[in-house]
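Hi,

Here is the model I said I would pass on. Have a look at it first, and then read on for my notes.

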Amino acid sequence: MSGHSKWHNIQKTKGAADAKRAQAFTKIAREIIVAVKEGGSGDPANNSRLATVIAKAKAANMPNDNIKRTIDKALGSGNTDNFESVTYEGYGPNGVAVIVEAMTDNRNRTASEVRHHFDKYGGNMGATGCVSWSFDRKGVIIIDNEDEELDEDTVMMDALEAGAEDIKTEGSVFEVYTTPDDFSTVNDALSAAGYKFLSAQIEMVPQNYVKLTDPDDIKNFEKMLELMEDNDDVQNVWHNWDEE
């Protein structure tokens, strides 16, 4: 799993700190609304999906007031938002596997836009299940160690005692992996221990990676990812491109 999250997650997280902050918060707000409606509760203690999204929101520095307002909105009788979760799968240039997770109020629009991104940049959208079999669903927590103040053995011990499955050191970050069921417990324990997160969410982690050597393939795939992640309906884009 080494190398999966380092650049992708940090890039997205830092993007939330600039001009894309509002878009990032809007996308997370959609996830909160869906989590509240599908989970039937605005209390994360009684709604595991909501607890997971709140962890993601806090790691992205979404203010607590925004989180609370969004939950209250989702619980309100006058809320007419009707978003639903949809997932698309396909291949980018040179067979790179891609999973696109979206939340939309118009399936036809979103499917058309995602398919266009695949087609325009040398990929193709496939049937459900065509690539997801080669990914594992994991909780992934990225701990910031840019100042190099954290001791690797201490972080590893804290993570494993909290219930983590694995931990990797990648440059200036620690990558903590959990089962989806244990994610909230591990996240809460590490947060209480004072660790600063760059990202904390449930991800699709690839079992293997594909390298792109052709400069045109790399350029096309990067553009495809950029357009997909800029799409208001798209929440996450997972892939098995080896970026290093």
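Let me start with helix α8 (residues 215-230), which lies across β2 and β8 and runs at about 155° to β8. Keep in mind throughout that this is a predicted model.

The sheet under that helix

β2 and β8 belong to an open sheet of 4 strands, ordered β3-β1-β2-β8, with antiparallel pairing. The edges are taken by β3 (124-126) and β8 (234-239); each has a single partner strand, so one side of each has no neighbour in the sheet. From one strand to the next, the twist averages 30°. Helix α5 (residues 107-120) also packs on this sheet, where it touches β1 (84-91), β2, β3 and β8, and its direction makes about 20° with that of β1. If you want a residue pair to find your way by, take V100, whose bridge partner in β8 is V237.

The other sheet

There is another open sheet of 4 strands, with the order β5-β6-β4-β7 and again antiparallel pairing. Here β5 (166-170) and β7 are the edge strands: each pairs with a single strand, so one side of each is left without a neighbour in the sheet. The twist averages 25° from strand to strand.

How much of it is buried? β4 is mostly covered, with 8 of its 10 residues buried. On one hand, β4 pairs with strand β7 (residues 197-206) in the antiparallel sense over 9 bridges, and G139 stands opposite I202 in β7. On the other, β4 pairs with strand β6 (residues 173-178), also antiparallel, over 6 bridges. Along that pairing, I143 stands opposite F174 in β6, and D144 has V173 as its bridge partner in β6.

Is E175 buried or exposed? Its relative accessibility is 0%, and because the cut-off for buried is under 20%, E175 counts as buried. The side chain of E175 makes a polar contact with the side chain of Y177, at 2.6 Å. In case you wonder about R49, E175 is 126 residues from R49 in sequence, and the two are 21 Å apart in space, C-alpha to C-alpha.

Helices around α7

Helix α7 (residues 183-192) packs with helix α3 (residues 48-59) at an angle of about 40°, with the axes 10 Å apart. That makes α3 and α7 oblique to each other, and their crossing is left-handed. The residues that meet are S48, A51, T52 and A55 in α3, and F183, S184 and N187 in α7.

α7 also crosses helix α6 (residues 152-162): their axes come within 9 Å and cross at roughly 140°. α6 and α7 are therefore oblique to each other as well, but the α6 and α7 crossing is right-handed. In that contact, D158, A159 and A162 in α6 meet T185, V186, A189 and L190 in α7.

That is what I have for now.

Cheers

Conventions: Residues are numbered from 1 along each chain as its sequence is written. This is a predicted model: local features need pLDDT of at least 70, side-chain atom pairs count only at pLDDT 80 or more; totals for chains, interfaces and linings use all residues. Side-chain values use heavy atoms; hydrogens and water are left out. Buried means under 20% relative accessible area, exposed over 50%, partly exposed in between (1.4 Å probe, protein chains only). Helices (H or I, at least four residues) and strands (E, at least two) are DSSP runs, numbered from the N terminus. Two strands pair if DSSP finds at least two bridges between them. Axes are lines fitted to C-alpha atoms, for helices over the stretch in contact, and angles run from 0 to 180 degrees between N-to-C directions. A polar contact is a pair of N or O atoms within 3.5 Å; within protein, one must be able to donate a hydrogen and the other to accept it, and residues adjacent in sequence count only if both atoms are side-chain atoms. Angles under 35 degrees count as roughly parallel, over 145 as roughly antiparallel, 65 to 115 as roughly perpendicular and the rest as oblique. A crossing is left-handed if the near helix is turned anticlockwise from the far one by less than a right angle, and right-handed if clockwise. Contact means heavy atoms within 4.5 Å.
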